[in-house]
Amino acid sequence: MALQFLSLLFIIFIVPLVNAAPWPPSPGFYPSSRFRTMNFYQGFRNLWGPGHQSVDNNGITIWLDKISGSGFKSVKPFRSGYFGASMKLQRGYTAGTNTAFYLSNNEAHPGYHDEVDIEFLGATFGKPYTLQTNVYVRGSGDGRIIGREMKFHLWFDPTQDFHHYAILWSPKEIIFFVDDVPIRRYQRKSFETFPLRPMWVYGSIWDASSWATEDGKYKTDYRYQPFVGKFTNFKASGCSAFAPPRCHPVSASPFRSGGLSGQQYRAMQWVQSHYMIYDYCRDNKRDHSLTPECRL
């Protein structure tokens, strides 16, 4: 009986501690608090699937079913800035779905566009979402669009509550943030490997069954529709494409010149060592002649 009691205590108190995901160290600086929040109509408009979205003053809910997905787009393009949104994702079976917040100029440069992505790739029951960050630079329409993916499993469940996801894009770097913790920094190593043309801000949900979940092994199952993505707390601050040349790019660190503080950098390193599950530069199956920044 005593042994059974001790075993029960172990299950109740010790096992949850073992399984609990540790949280990143404090970044010491919180860029989301430095930029004002806008309601949806202050900065965005419907792009497609208007019958699959619901807007209130503060945010938007979009959904995917077997009829359509949905997407929205910023009113104006930017040439640099801080772009963020708080998001809450669908729980349960979401394999094959892609819920995204990203920058792109695909409509201005079809077949030859730039793009900076935060994408949530859906999962089967009991599996976590994958957060994929990606950078495209002057992608061509001939199948040679070169992705620069880094993928993460998060230290929290993104279906339980809203969390803030953001992209800092300046002429010299791109930094991805989750709840103000930097998870990836993509520096400008050359003109050829960095997006510099104006981009718009987008959000969307769509069926990416061909690749999203375990390389397309699991498809979107519309028995579980609708698949819902919620966005609020929008931030889009920086230099629009129409701003005068004197407009100074914003920073997401304590330094006006940009970069990361030592504390921010250590938090990023911690996340990458604990939660990064894929880095294109470490993928031996990739042709790194197409991603020269991996060798610099």
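Mentor: Begin with contact, which means heavy atoms within 4.5 Å. By that rule, and leaving aside residues up to four places away in sequence, S104 touches H113, D114, E115, M199, W200 and Y202. The model is predicted, so local features need pLDDT of at least 70 and side-chain atom pairs count only at pLDDT 80 or more, while totals for chains, interfaces and linings use all residues. Residues are numbered from 1 along each chain as its sequence is written, and side-chain values use heavy atoms, with hydrogens and water left out.

Trainee: In which strand is S104 found?

Mentor: Strands (E, at least two residues) and helices (H or I, at least four) are DSSP runs, numbered from the N terminus. S104 is found in strand β6.

Trainee: Is S104 buried or exposed?

Mentor: Buried means under 20% relative accessible area, exposed over 50%, and partly exposed in between, with a 1.4 Å probe and protein chains only. S104 has 2% relative accessibility, so S104 counts as buried.

Trainee: With which side chain does the side chain of S104 make a polar contact?

Mentor: A polar contact is a pair of N or O atoms within 3.5 Å; within protein, one must be able to donate a hydrogen and the other to accept it, and residues adjacent in sequence count only if both atoms are side-chain atoms. The partner of S104 is the side chain of E115, at 3.5 Å. E115 is also one of the residues that S104 touches.

Trainee: Which side chain does a polar contact join to that of H164?

Mentor: The side chain of S86, at 3.1 Å. H164 is found in strand β10, residues 163–170. H164 counts as buried because its relative accessibility is 7%. Not counting residues up to four places away in sequence, H164 touches S32, Y82, G84, A85, S86, F177, V178, D179, N233 and K235.

Trainee: Where is S190 found?

Mentor: S190 is found in the loop between β12 and β13. Its relative accessible area is 23%, so S190 is partly exposed. The side chains of S190 and T193 are joined by a polar contact of 2.9 Å.

Trainee: What separates the C-alpha atoms of S190 and F231?

Mentor: Read two separations here: S190 and F231 are 41 residues apart along the chain, and their C-alpha atoms are separated by 34 Å.

Trainee: Now the backbone. What is phi of N233?

Mentor: Phi of N233 is near 55 degrees, a positive value in a residue other than glycine. N233 is found in strand β14. N233 counts as partly exposed because its relative accessibility is 24%. N233 is also among the residues that H164 touches.

Trainee: And what is phi of R138?

Mentor: R138 is not a glycine, yet it has a positive phi of about 45 degrees. R138 lies in strand β8. The relative accessible area of R138 is 17%, so R138 is buried.

Trainee: Which residues does a cis peptide bond join?

Mentor: The cis peptide bond joins Q225 and P226, with omega of about -5 degrees. P226 lies in the loop between β13 and β14, and β14 covers 227–240.

Trainee: Let me recap by place. S104 is in β6, H164 is in β10, and R138 is in β8. S190 is in the loop between β12 and β13, and P226 lies in the loop between β13 and β14.
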